[in-house]
Amino acid sequence: MREYALHVAQSRLAYGSLTGLVRLVKNWQARRDARILLRMDDHQLRDIGLTRADLDRLMRTPLTDDVQWEDERLRLIERK
């Protein structure tokens, strides 16, 4: 677990002073992809392991937050 935490911390700062800008662009792209996924019906979303709630949560996340990190964190919390 310690190695995983270290790897995550290093990857979040992988772009140095551009980390914030890179995160902003990646989050914008993730929202664009989520809008495409929202056009699918519930059965198709279930087939790929998503729900509308997952996509809604993604769309509400601020652009400055690391969406992938938040998604993983929230999924771990929900499992407990």
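The largest nonpolar core has 6 residues, namely Ala-34, Leu-45, Leu-50, Leu-55, Leu-58 and Val-67. Please keep in mind that this is a predicted model.

Let us start with the overall layout. The secondary structure of the protein chain consists of 5 helices and 0 strands, and from the N terminus on the elements run α-α-α-α-α. The protein chain has 80 residues, of which 18% count as buried. Among its contacts with a separation of 6 or more, 53% join residues 24 or more positions apart.

### How the helices pack

Two packed helices are described by the angle between their axes and the distance between the axes. The table sets out two such pairs.

| Pair | Angle between axes | Distance between axes |
|---|---|---|
| H2 (residues 19-37) and H4 | about 150 degrees | 10 Å |
| H4 (residues 52-60) and H5 (residues 67-79) | about 135 degrees | 11 Å |

H2 passes H4 in a left-handed crossing. On the H2 side the contact is made by Ala-30, Arg-31, Ala-34, Arg-35 and Leu-37, and on the H4 side by Leu-55, Leu-58, Met-59 and Arg-60. Sorted by class, the residues of this contact are 6 nonpolar, no polar and 3 charged. Ala-34, Leu-55 and Leu-58 are among the residues of the nonpolar core as well.

Now for H4 and H5. With an angle of about 135 degrees between them, H4 and H5 are therefore oblique to each other. The crossing in which H4 passes H5 is right-handed. H4 brings Asp-54, Arg-57 and Leu-58 to the contact, while H5 brings Val-67, Asp-71, Leu-74, Arg-75 and Glu-78. In this contact 3 residues are nonpolar, none is polar and 5 are charged. Leu-58 and Val-67 are also found in the nonpolar core.

### Residues around the helix contacts

Which residues does Val-67 contact, leaving aside its neighbours within four places in sequence? They are Asn-27, Leu-58 and Thr-61.

Asn-27 itself is worth a look. Is Asn-27 buried or exposed? Asn-27 is buried, because its relative accessible area is 3% and buried means under 20%. Not counting residues up to four places away in sequence, Asn-27 touches Pro-62, Leu-63, Thr-64, Asp-65, Asp-66 and Val-67.

Asp-65, one of the residues touched by Asn-27, is found in the loop between H4 and H5. At 29% relative accessibility, Asp-65 counts as partly exposed. Apart from residues up to four places away in sequence, Asp-65 touches Arg-23 and Asn-27. Asp-65 and Arg-23 are 42 residues apart along the chain, and their C-alpha atoms are separated by 7.5 Å.

Arg-31 lies in helix H2 and takes part in the contact of H2 with H4. Arg-31 is buried, with a relative accessible area of 17%. Which residues is Arg-31 in contact with, leaving aside its neighbours within four places in sequence? Arg-31 contacts Leu-58, Met-59, Arg-60, Thr-61, Pro-62 and Leu-63.

Finally we come to Asp-54, found in helix H4. Asp-54 is buried, with a relative accessible area of 15%. Beyond its neighbours within four places in sequence, Asp-54 is in contact with Gly-49 and Arg-75. Both Asp-54 and Arg-75 belong to the contact between H4 and H5. The C-alpha atoms of Asp-54 and Ala-34 are separated by 9.5 Å, and the two residues lie 20 residues apart along the chain.

How values were computed
Residues are numbered from 1 along each chain as its sequence is written. This is a predicted model: local features need pLDDT of at least 70, side-chain atom pairs count only at pLDDT 80 or more; totals for chains, interfaces and linings use all residues. Side-chain values use heavy atoms; hydrogens and water are left out. A nonpolar core is a set of buried Ala, Val, Leu, Ile, Met, Phe, Trp, Tyr and Cys residues joined through side-chain atoms within 4.5 Å. Buried means under 20% relative accessible area, exposed over 50%, partly exposed in between (1.4 Å probe, protein chains only). Contact means heavy atoms within 4.5 Å. Axes are lines fitted to C-alpha atoms, for helices over the stretch in contact, and angles run from 0 to 180 degrees between N-to-C directions. Helices (H or I, at least four residues) and strands (E, at least two) are DSSP runs, numbered from the N terminus. Angles under 35 degrees count as roughly parallel, over 145 as roughly antiparallel, 65 to 115 as roughly perpendicular and the rest as oblique. A crossing is left-handed if the near helix is turned anticlockwise from the far one by less than a right angle, and right-handed if clockwise. Ala, Val, Leu, Ile, Met, Phe, Trp, Tyr, Cys and Pro count as nonpolar, Asp, Glu, Lys and Arg as charged, and the others, Gly among them, as polar.
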